[in-house]
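Let's take a walk through this model, with an eye on where charged side chains pair up. Have the structure open as you read.

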Amino acid sequence: MLACALAQAQPAVIYELGGKFDKSFNQAAFDGAERWKKDSGKAYLEFEIQNAAQREQAALRFAERGASPIVGIGFPQAA
């Protein structure tokens with residue numbers, strides 16, 4: 001079952017303000033995504049927001065592309 005889920009997965013990560021190399025939550029998510037990429041041999045989608053309005057836009061665009069799961073980093077993306 002896990003192998004089937006990995007075969008179908010096209011994950012996406014939306015980093016919070018500060019960028020993926022912020023030495024905090026964003027970077028932890030980046031490191032995890034890179035490990036998943038190495039272990040699965042598959043790529044993932046990612047987006048670093050530059051302003052608050054881009055949070056929802058990025059999530060909608062990834063959903064339209066069929067990304068799953070879509071991971072939003074940071075408390076502002078909880079909603």
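Glutamate 16 and arginine 55 are both buried (buried is under 20% relative accessible area, exposed over 50%, partly exposed in between, using a 1.4 Å probe and protein chains only). Their side chains form a salt bridge, 2.5 Å from N to O; the term covers a side-chain nitrogen of Lys or Arg within 4 Å of a carboxyl oxygen of Asp or Glu. Glutamate 16 sits in the loop between strand 1 (12-15) and helix 2 (25-40), while arginine 55 is in helix 3, 39 residues away. Helices (H or I, at least four residues) and strands (E, at least two) are DSSP runs, numbered from the N terminus.

A quick word on ground rules: this is a predicted model, where local features need pLDDT of at least 70 and side-chain atom pairs count only at pLDDT 80 or more, though totals for chains, interfaces and linings use all residues. Residues are numbered from 1 along each chain as its sequence is written, and side-chain values use heavy atoms, leaving out hydrogens and water.

The salt bridge count is 3. Lysine 20 pairs with glutamate 46 at 2.8 Å, N to O. Lysine 20 is in the loop between strand 1 and helix 2 and glutamate 46 is in strand 2, so this pair ties together parts 26 residues apart in sequence. Lysine 20 is buried at 12% relative accessible area, whereas glutamate 46 is partly exposed at 32%.

Aspartate 39 and arginine 35 also form a salt bridge, with their closest N and O atoms 3.7 Å apart. Both lie in helix 2, 4 residues apart, or about one turn, and both are exposed.
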